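Please review the structure shown below.

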Amino acid sequence: MTAKTFYIETFGCQMNVHDSEKVIGTLLSRGYVQVETAEAAELVLYNTCSIRDKAEQKVFSRLQQFKREAGKGKVFGVLGCVAQQEGEKIFERAPHVSLVAGSASYTKLPEMLVQLEAGGRRLTGLSLDTDETFDTPFTRRDNPHRAYITIIEGCDKSCAYCVVPFTRGPERSRTSASVMDEARRLAEKGYTEIQLLGQNVNSYRDPSPAGWDFATLLERVGEVPGIRRVRFTTSHPRDFVKPIVDVIDRNPALCDHVHLPVQSGSDKVLSAMDRLYTRDEYMRRIQWLKGARRSIAITTDIIVGFPGETEADFNQTLALLDEVQYDSLFSFKYSPRPNTSALHLGDQIPEEEKTRRLMVLQERQRAIQIRRNSEAVGMVQEVLVEGKNQALGQWIGRTSQNRTLNFTHATDNGENLMGRYLDVRVTRAGPNSLVGESVM
Ligand code: SAH
Ligand code: SF4
Ligand code: F3S
């Protein structure tokens, strides 16, 4: 392959988005040029997600679209979670694919590219028995103000519905020195917000003799000069400990937001999901957060229609929403996934019933959010400016609590506010965002 243009499309979570930044950096360092469309590219990469069936299907429809391009000098690669899950079966379904590699194999990406350039076909990187993490000096970050840092890869839990332990392999933590080094370098380059990433950041354990736990790492990253905001995702409730709340309370650079996925409000369903906590244990963590000196926003993930979920179980989830008063949530219909233990459970919930429960849940949460957001009206909140809505003449900011706050800037004389931190007075609230005016 002499061709040196590439296109990459990314599906899935922030881990995937950040993996793509590393893959892009690696390609650029080898002389490749990124292009905007698959049509214009000689190397087409899809970084895939398999969390629900719909996500998985996307890559196959993309590949189908380009079936006839095969052999015309276009090379296709499938990366990420579907690659790991389906492995060589992808070559059967889409014979024009040349490379299939899961995220645990990206450390070998430079070698795989050499083989691809030499005309290699049906290359695979599917080994999960790695204790390495994918650190590369070449990461090409998309956003000039906010940077992702992976602190832990893989997952050692075995939630009954989830593919991640199969697609991303066992947990591997990066050394604290390497994380701190990256944070300092990013601050020097002008980044002001850092997001620490992992499927379960709370089980971070520094493999070096320093032996830091997650709370210590969080605190130290928050102390890096120049870093004004630190976020992290995702927290597993079982491993979420009180010191994390104490550290947030102490350091204003740590954002007022914790995403703590609960999945269900029913002990019976939590147990069937193998989530390793009860509703009471989860609520204890919520009490820690609500008891903090700072006003910490709490968000969550919910799955409706897990096998065996009765109307009574579902009602307990609704009651949990009322009790916690989440600032926002992501909700999903249970989707049966390959290799997972829930596949073998009886009592699958019909699709229409899952849809109904999802709508009821979202309606309940919408009312809660309208109320929660309206509490902010009249307050002054600091935002990081992330964009501009030209049509409305509004800047788009994000608060420490991770709310979108669209605002007008009184002295708007064409100056570019992107990346600035400004105080904004909230004047109106909707279910999903706030509106305000900057304060001089
Ligand atoms: N590691 C994180 C995120 C996992 S994936 C965590 O443990 O919270 C993000 C969310 O997708 C999960 O929290 C869950 O709500 C949802 N999810 C995972 N598998 C799913 C499935 N098979 N069907 C529906 N939703 C699922
Ligand atoms: Fe999946 Fe559970 Fe691991 Fe989260 S903790 S990635 S839901 S197995
Ligand atoms: Fe999807 Fe893999 Fe992330 S399955 S949600 S891309 S870990």
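In this predicted model, H5 (residues 109-117) lies across S3, S4, S5 and S6 and runs at about 175° to S6. Helices (H or I, at least four residues) and strands (E, at least two) are DSSP runs, numbered from the N terminus; axes are lines fitted to C-alpha atoms, for helices over the stretch in contact, and angles run from 0 to 180 degrees between N-to-C directions. Contact means heavy atoms within 4.5 Å.

Residues are numbered from 1 along each chain as its sequence is written, while chains are lettered from A and ligands numbered from 1 in the order in which they are written. Local features of the model need pLDDT of at least 70, side-chain atom pairs count only at pLDDT 80 or more, and totals for chains, interfaces and linings use all residues, with side-chain values using heavy atoms and leaving out hydrogens and water.

**Sheet**
- An open sheet of 6 strands has the order S2-S1-S3-S4-S5-S6, with parallel pairing; two strands pair if DSSP finds at least two bridges between them.
- Strand S2 (33-34) and strand S6 (123-125) are at the edges with a single partner strand each, so one side of each has no neighbour in the sheet.
- S4 (residues 75-79) and S5 (residues 97-101) pair in the parallel sense over 4 bridges, and Leu79 has Ala101 in S5 as its bridge partner.
- Helix H2 (residues 53-65) lies across S1 (5-10), S3 (43-48), S4 and S5, at about 165° to S3.

**H1 and H5**
- The axes of H1 (residues 14-29) and H5 come within 11 Å and cross at roughly 55°.
- That angle makes H1 oblique to H5 (under 35 degrees counts as roughly parallel, over 145 as roughly antiparallel, 65 to 115 as roughly perpendicular and the rest as oblique).
- Val23, Thr26 and Leu27 in H1 meet Leu109, Pro110 and Leu113 in H5.
- The residues of this contact divide into 5 nonpolar, 1 polar and no charged (Ala, Val, Leu, Ile, Met, Phe, Trp, Tyr, Cys and Pro count as nonpolar, Asp, Glu, Lys and Arg as charged, and the others, Gly among them, as polar).

**H8 and H9**
- H8 (residues 214-222) and H9 (residues 242-250) pack at about 10°, with axes 9 Å apart, which makes H8 roughly parallel to H9.
- Phe214, Ala215, Leu218 and Glu219 in H8 meet Pro243, Ile244, Val247 and Arg250 in H9; by class, the contact has 6 nonpolar, no polar and 2 charged residues.

**Ligand 2**
- The residues around ligand 2 (a heavy atom within 4 Å) include Cys155, Cys159, Cys162, His236 and Arg275.
- By class, this shell has 6 nonpolar, 2 polar and 2 charged residues.
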